[in-house]
Amino acid sequence: AVTINNNFSILSGQVNLGSLTHSANSLTLGGSGTVSGTWGNTASSATNQNNTYFAATTGIVNVVSCGTYTYWTGTQDTSWTNPNNWSSCGIPTNSSDVTITSGTFQPVIASNVSVNSLTIASGTSLTLNSGFNLNVSNAIANEGTLTIKSNANLIQTNNVANTGMGLANIERDSSPLFRLDYTMWSSPVTGNQTLGGFSPLTSTN
C-alpha cells in the first residue's frame with residue numbers, strides 16, 4: 001500500500017490501485033476536487049466509485065480530507081450557511097474551491113461570503129441578495145446563472161480570466177425617475193455599450 005502525505009491528483013488516464021488499500025490527504029480528479037472517503041473503480045468496495053480515473057481493480061484509496069474542495073447539495077433549503085446543504089466537506093471558507101451543483105434547492109447568499117474560486121454548473125443558479133458581498137479570490141467558471149441583486153457586490157481579488165457561457169444577471173434598482181432625471185451606474189464592460197441598448201425605454205432627447 002502507498003501513503004500519499006499530500007494531494008493525490010489524476011489529470012487524465014486511469015490509475016491501477018491493485019488489490020491494496022492506499023491513503024492520501026486529498027484527491028483531485030481531472031482538475032476537480034473530491035469529497036473525503038474511499039475511492040476506486042466499480043469493481044472495488046469504495047464508497048465513491050469512478051471508472052474514468054481508476055482501473056478495474058479491487059484496490060481503493062482512502063482520502064482523509066477534502067482539501068479546499070466543497071460542493072452544494074441543496075437538500076434542505078436555499079441557505080448558504082446551512083451545513084446540511086453542503087457536501088461532507090462543509091460550508092465554504094475563504095480558502096474553498098466551491099462548486100454549485102444541482103439540488104432540490106439552489107443557493108441564496110444572505111451574508112458576506114468569501115471563497116477562493118467558484119464554479120456554477122450547467123442548469124444551476126446562485127443568487128446574491130441585496131446588501132451583501134461575495135468575494136472570490138480567483139476565477140469564476142459560470143455555466144449556469146449568477147444573479148446579483150441591487151446593492152449587492154461581486155468582488156474578485158486577483159486579475160484572472162473567468163470562463164463559462166452561463167448568464168450573469170446584475171439587478172440595479174433606481175429611485176423613481178422623471179423627465180431629465182438620471183441615475184448613474186458604472187461597471188467594466190467590453191464592446192460597444194450604449195444607453196439605448198442598456199435602457200431601451202429611455203427617451204433620446
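Tutor: Buried means under 20% relative accessible area, exposed means over 50%, and partly exposed lies in between, with a 1.4 Å probe and protein chains only. This is a predicted model, where local features need pLDDT of at least 70, side-chain atom pairs count only at pLDDT 80 or more, and totals for chains, interfaces and linings use all residues. Residues are numbered from 1 along each chain as its sequence is written, and side-chain values use heavy atoms, with hydrogens and water left out.

Student: Why is Cys66 called buried?

Tutor: Its relative accessibility is 12%. The limit is under 20%, so Cys66 counts as buried.

Student: What makes Cys89 partly exposed?

Tutor: Cys89 has 21% relative accessibility, so it counts as partly exposed.

Student: How do you know that a disulfide joins Cys66 to Cys89?

Tutor: A disulfide is a pair of cysteine sulfur atoms within 2.5 Å. For Cys66 and Cys89, the S to S value is 2.0 Å, so the pair meets the definition. A search of the whole structure finds 1 disulfide.

Student: What does the link of Cys66 and Cys89 tie together?

Tutor: Cys66 lies in the loop between strand 6 (60–63) and strand 7 (69–72), and Cys89 in the loop between strand 7 and strand 8, so parts that are 23 residues apart in sequence are tied together. Strands here are DSSP runs (E, at least two residues), numbered from the N terminus.

Student: Which strands form the open sheet of 4 strands, and what makes two strands a pair?

Tutor: The order is 7-8-11-14, with parallel pairing. Two strands pair if DSSP finds at least two bridges between them. Strand 8 and strand 11 are joined by 4 bridges, so they meet that requirement. Within this pair, Ile100 stands opposite Ile120 in strand 11.

Student: Why are strand 7 and strand 14 called edge strands?

Tutor: Strand 7 and strand 14 (140–142) each pair on one side only.

Student: How do the residues lining the second largest pocket divide?

Tutor: The lining divides into 4 nonpolar, 12 polar and 1 charged. Ala, Val, Leu, Ile, Met, Phe, Trp, Tyr, Cys and Pro count as nonpolar, Asp, Glu, Lys and Arg as charged, and the others, Gly among them, as polar. Of the 17 lining residues, Gly31, Ser32, Gly33, Tyr69 and Asp97 lie nearest the pocket's centre.

Student: What makes a residue part of a lining?

Tutor: On a 1 Å grid over the protein atoms alone, a pocket is an open set of points where a 1.4 Å probe fits, with protein on both sides within 12 Å along at least five of seven lines; lining residues have an atom within 4 Å of a point.
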